[in-house]
Amino acid sequence: MTDSIDRRRFLKVLGVTGAGAAALSSCGIGPEPTEKLIPYLIQPEDQIPGTATYYATTCRECAAGCGVQVRVREGRAVKLEGNPDSPINRGRLCARGQAAIQGLYNPDRLTRPMVRNATGTFEAIDWDGAMQRLSAKVAAARGKGIVFLTGAEQSSFGDLVDEWTAQVGGRRLSYEPFGFEALRAGNRMAFGTAALPTYDFANAKYLLSFGADFLDTWLSPVEFQNGFSRSHAFDAGRPASMAKFVYVGPRLSLTGMNADEWIAARAGTEGTLALAMAQVIVSQRLAKVPADASRLAGLLARHTPRAVAEVTGVEQAAIVRLATEFANSKGGLAIAGGMAAQYPNGAEIVAAVNILNYAAGAVGSLVKFGADLAIGRTNTFADLASLISDMAAGKVALLFVYGANPAYSLPGAFPQALGKVGYKVSFSSYMDETAAACDLILPDHHPLEQWGDSRPRAGVIALQQPVVQPVFDTRHTGDVVLRLAGRPGTFQDYVQSKWRARQKTNFDQQWMDALARGGVYAESPPATRAVRLAASLDSIGAAAPAASAAQDQEVIVFPHPVLHDGRGANKPWLQELPDPVSKIAWHSWVEVHPDTAAKWGLATGDFLLLKSPFGAQKFPAWITRSVRPDVLAVPTGQGHSAYGRYAQDRSANAFELLGTQVNSYGGRTFAVRASATKTGEHRKIVTTEGSPRERGRGTVEVLGLARAKGLHAGDHPFHYEETPEYASGAVEWWGERQHEKASIGNYQGDHPRWGLAIDLSKCTGCAACVTACYAENNLATVGEQLMQRGREMSWMRLERYWLTDEKGEPQGAVNSPMLCQQCGNAPCEPVCPVFAAYHTPDGLNGQVYNRCVGTRYCSNNCPYKVRYFNWFNYAERGGEWEAWPEPLSMLLNPDVTVREKGVMEKCTFCVQRIRGAQNQARLQDRNVRDGDIMTACQQTCPSEAIVFGDLNDRHSRVYELAGNPRGYHVLAGLNTKPAITYLARVVAQETPSHG
Amino acid sequence: MVLWILASLLPPAVVFGQQAQPASQRYRAPVVNDTGSLKGPRQPIFFRHDIHAGQDQIPCMYCHSSAAVSSEPGLPSLQTCFGCHQVVGGSTPSHQAEIKKVRDAWRDKKPPEWVRIHALPGFARFPHMRHIKALGAQSCTTCHGDVQHMPQVYQVTTLRMGWCVRCHVEHKVTRDCSVCHY
Amino acid sequence: MAEARTSTRLTYDYVTRTIARTLGAPTRGYFLLLGAAVGLLGIGIITLLFLLRYGLGLAGYSHPVYWAVFITCFVFWVGIAHSGTLISAILFLFRSGWRTAVYRTAEAMTVFAVMTAGLFPLIHIGRQWYFYWLIPYPNERGLWPNFKSPLIWDEFAIGTYFTVSTVFLIMGLIPDIAAVRDLATGWRRKLYGITSLGWTGANEQWRHYTRGYLYLAALATPLVLSVHSVVSWDFAMALVPGWHATLFAPYFVAGAIYSGVGLVITLLVPIRRLFHLEEIITVDHFENLAKLCLLTGSIVSFSYLTENFVAWFSGNAAERAAFWYRAFGPYWWASWTMNICNGLLPWLLWSKKVRTNITALFVISIFVNIGMWFERYVIIVVSLAGEPFEPWANAVYNPTWADWGIMAGSFGWFFMWFLLFVKNFPAVSISEVKEVLPPPRSKAAKVRA
């Protein structure tokens, strides 16, 4: 682990570009004496030096199975981008997907097999030695219990393991910390099927989420977000214009803060609320109720709005209103999941919501059974629990762990049981908690280095191909298993044989297609399977949990939007990415309502000691109105005791608070009652949140739905923000003079004016764009200590301003990506004494790093505050603030200069992509076409909120959007003439207020 | 134009006493007895551009294949070298000795580590294809000098910003900073 | 201003000897002071080495506060410089005789203060080793500095100011050096011999000298107004609320003189005590300085009021927010220090008792300096911290050891030069003091207008 790859191999990987992305500090001309150029032995025919090659493969950061295209330069993977061919993510990617590459080049990867020696410490071992030991162990353990524990694996690898475990009389178990037992149980209760449906967000006209965080962590976030933006975003073209989104839950998650209305029902009573709504719909015949719905009568009778108003804490009138809106929309879609599916009564809640959908006629139209989502098909938590007891009972002689880290997500129970296992083998690429407790570690290739496939759902088989040669001396676990099974060939052959079996005729052709397109995708979505109400509905509608006892607090543990179950914690991009809701980075927190905080005399940053029956942990408080007063909410993801320099010993592990007993539906409960005591400690938690209120400065604009519908082309609802009448004359005159000045030298003739349009009613604040920007533009991660001083380099920041109702309670938030506005009349330019900040002919605010002396005047004069300064040399090898310890430096984009200390930097509209496109266009003797250039943020945005293009091109999309009546320019009153047009957020309620 | 710049830049010594000749007449590479006296850094293999490019008239882009299509000209892979030298063994003992190095390198799968001669700082972008597209395939000499006549390659132009700007001014092409610096 | 009456017992001879005495063998106290100054300078140099090695990040900067203590000190020192030229040049043109006793000190202070201020722009930039890119010089790249940038204006303003005030100081010194040359011995005699440029005191020389001095004074006078106006435009030209005000030039000039006079008093009091110059630098001199303080101080306080009034009157949300943040935001303590020290304190000077009480003046002058430092701190840091345009981008800034280290260094640097000066050159102008004395053998002491 400590010794990194030697320079020679490093350079060979780099191919011909010498130092790769050369740093700004490598000044002067002529060769640095040490610099060597090492040619390829054999030139890979598909690689041109200095030109990127794209390989299609599959993202394995979660089980959603998004397709990705990996940009490879001289043998180095430098960027991941969504694969447009994939029907799941449609060319889009989330922050976690973007950061996968930091797993590939992670400085804490295991470089070779490790074995625990007599003294109990790990020592390196060569592969042959390791394989011999392993074979011996397998032979010895036959019949004594061999278990192979994997993550969600609906793949050829999973099949192989199944075959092999069968062969040696063992079994395979798949485990995801955040399982979906409740969904399956709930579906069984209501419809008698355990399958997971797909949800047609795109065509919904009214969205009602019962805790399902489908925008951040639930099932297939990128796909759902893309669909969600299609239905929920305001679009004057569509009759419905926009689907109202109501979120029911005890706290506002990333998904919740995109809601138009927040119903903070008491935790655990979501189901009751759903049934009450169904009761209203059925009793008032608001929808064409299916014939067999009569069987619901008895159940619904027990759930009249009046009856449930008390227990849910939602007024009767509100329940009726919601039910009416839901039914009248003629396209209501209710989704249950996330937190709601992790209470002890999660299954009942899911079943209840199913019934609501059924009563409203959404089942079959918007909720489609048939394409069974793979991620749901892991073993249940009950299975894992039984494994643990087997282990504890010494019934497991040999345990393999692959793609899972149960020692972290099941602290206490699992490690203890692990101690009783005869021999433990980990295939982890990193020294995570589980690997650290094993006897033998056989590091697997990173998904970007290996062959493989996955079947995220019926009709989609995503193919995985190695896009770079292995960075370290690792080996594909598939090959290891094949060796153990004594079978010939490599895992690649195995995958191909599987595919050949599926594809009888012209296999090779289909294989090449799959390689090019990233998999095989069925032309039409799988047939929708009709479902009817289950035979017995008695189990549904069990009473909500008892009201809170004495001192104890309801504590809910939710998955962190980007660190998720902790697997993201070793990637600096994800650690430095502020949580979309709390804006807290590098640390965990507990969400406390101001009233509760006042009761306990808490301030943000004060530590709370949470003591549950299962464990105690300390978290700094984040005081917010986005959580119910009777609930405390804690994210998972932090508090690793191993897992590399970025994750280890950082904050506390929320899983410690949870029990490991199985609940009624065979799942794990993520809500506990715990005592909360103020410890007196305080921490300056890193938050990028400035003022949570926008204070009417015109940074973000919000329109009521009716108002937005009333807008016609040519309207300027935000005209008052532009130059005031009395000044316009002077401004025009001044503009003219400027124009004359700007028509000499390079500025002669016609040039494009690059511009961006950002639709705030599409933006969900998921922060994929931020990470994409880090990846594309070599942004340094500065770490917690410097971030506390506001030294983060994030060229693009997401500003989250709460939308509040008349009582000041948050009803969701509006997110505004703030980046360099590339002003036409930029305040930063005239003040730079050396022309480092200057205006390019194509309308960018150029920033010439190598000319910058660092007076920082430009930043002072920038009203948007989007310029960031290199306070230290983040590229310094072995420096205190090194951002890219080897081999992390391999992911640096060779087309972008790595900035030296003392230099100002900012968003460039991905100028390297612009120049690249222009070069290509010139070679083909044509002009750049609209769509040739995509900025990194636009490319990745799952909700397609960002559009880049030439504002001088009358036919470009961005030109059209810039003319949209919803469009406005931030701080237009300053006459900065920004190139970024924001399209106002539209909210369903008529009197939007923001701060 | 190109030749004009060339003439203005190259002292006669550069081309070993003889003036650069039009490509039509055959050029014979001189016999080099004292390699120590040659300009430029010593390379692991004494590869003679003057023989390959000058005498044998092998076009630059035969080896530096991506120069016309990519920002990087690229180095020939060892395979490319061996492609010819499988057959071509060299006429003189000294040549044979050097060619043997190539064959050995191919045998041991150990590509030679060439010493870099022409390097731009990391913050300057030079898309080769744009320049070749504009100035033609013969224009390499503009910056790299009369390599066809160099037994051992060395840097003849400063490759400083002033050098770039001057040419851009003469050709009346953009001098916008963000064309090269980003 | 009322003419300061120097005591009648004074004779030419007495003046020469008293002032020459200041150049006598240094005492232990002097060496202690000098040691302290050099020590501070050492701290500053070490800090600077750290900044160069690791980067400006060692200072407390925090987005969006990208200018802080360094620029505060820069403006502070430039401000200090002004009173010198004012007293030496402008009062000279006004023929106010009382300046004679104090102008040398003030002027030396000017030169050293500019020398100090000039360092900060170099220290505070991110890549100090490229500072010369700010200077226009022909180069192969065809690159020039941006003459639109107020920073370039600064460079020229400060440069000119430094040159002129230095020449002015040296010129004024010539006759005095000559005077002490005749008393000096050893290496000093040589030094003075050279620096007095062969001054014999012949009528011819005096005639040319006084003419030249007059012209230089005329030349220096506009600089007093121009330099700090230009400095103020570093801020006034930017659109930051709290910076972007047409008032800034006069406001800054007044403030500069105010702080300058403050420091003159702070320096004169100990010098007068240590070198026993009570006879020459009399209470009347201090009273006049105090009056100058009162005047400029009042202008400053008026500017404060105007600023806040305009912020409210403009109705501009950003402006209002900025000034509200100033007064009641997390930096309230800084703004109120400034308001009290610069706004209220000078009003004490209305009373003659205070004006003529050296101790009181000394104490007040200290507070004036503190107040004026905080004024710059408030204008620069607080205006940037409470970012009113973009509510999301606001920060709370705290200086670190690096900020204080460099600041300490600047004081060390200044006082080192100053102490060396007063020991080696007449800190009070011999010749000009004599000018205002009654000529020998005349009865009544009458003072030239």
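Which side chains of chain C and chain A meet in a salt bridge at 2.8 Å, N to O? They are C:R53 and A:E876. A salt bridge here is a side-chain nitrogen of Lys or Arg within 4 Å of a carboxyl oxygen of Asp or Glu. Between chain C and chain A the count is 3 salt bridges.

Some background. This is a predicted model, where local features need pLDDT of at least 70 and side-chain atom pairs count only at pLDDT 80 or more, while totals for chains, interfaces and linings use all residues. Residues are numbered from 1 along each chain as its sequence is written, chains are lettered from A and ligands numbered from 1 in the order in which they are written, and side-chain values use heavy atoms, with hydrogens and water left out.

Now the interface. On chain C, 53 residues are in contact with 60 residues of chain A, contact being heavy atoms within 4.5 Å. The two chains bury about 4,500 Å² between them, 56% of it on carbon and sulfur atoms. Buried area is the accessible area (1.4 Å probe) that two parts lose on being put together, summed over both. C:Y66, C:R127 and C:W392 supply 21% of what chain C buries against chain A, more than any other three residues.

A cavity is a set of points on a 1 Å grid over the protein atoms alone where a 1.4 Å probe fits but cannot get out; lining residues have an atom within 4 Å of a point. The largest cavity is lined by 43 residues, and A:R60, A:Y402, A:G403, A:A404 and A:R567 lie nearest its centre. For the second largest cavity the lining is 34 residues, with A:R96, A:D216, A:T217, A:W218 and A:P221 nearest the centre.

Terms used
On a 1 Å grid over the protein atoms alone, a cavity is a set of points where a 1.4 Å probe fits but cannot get out, and a pocket is an open set with protein on both sides within 12 Å along at least five of seven lines; lining residues have an atom within 4 Å of a point.
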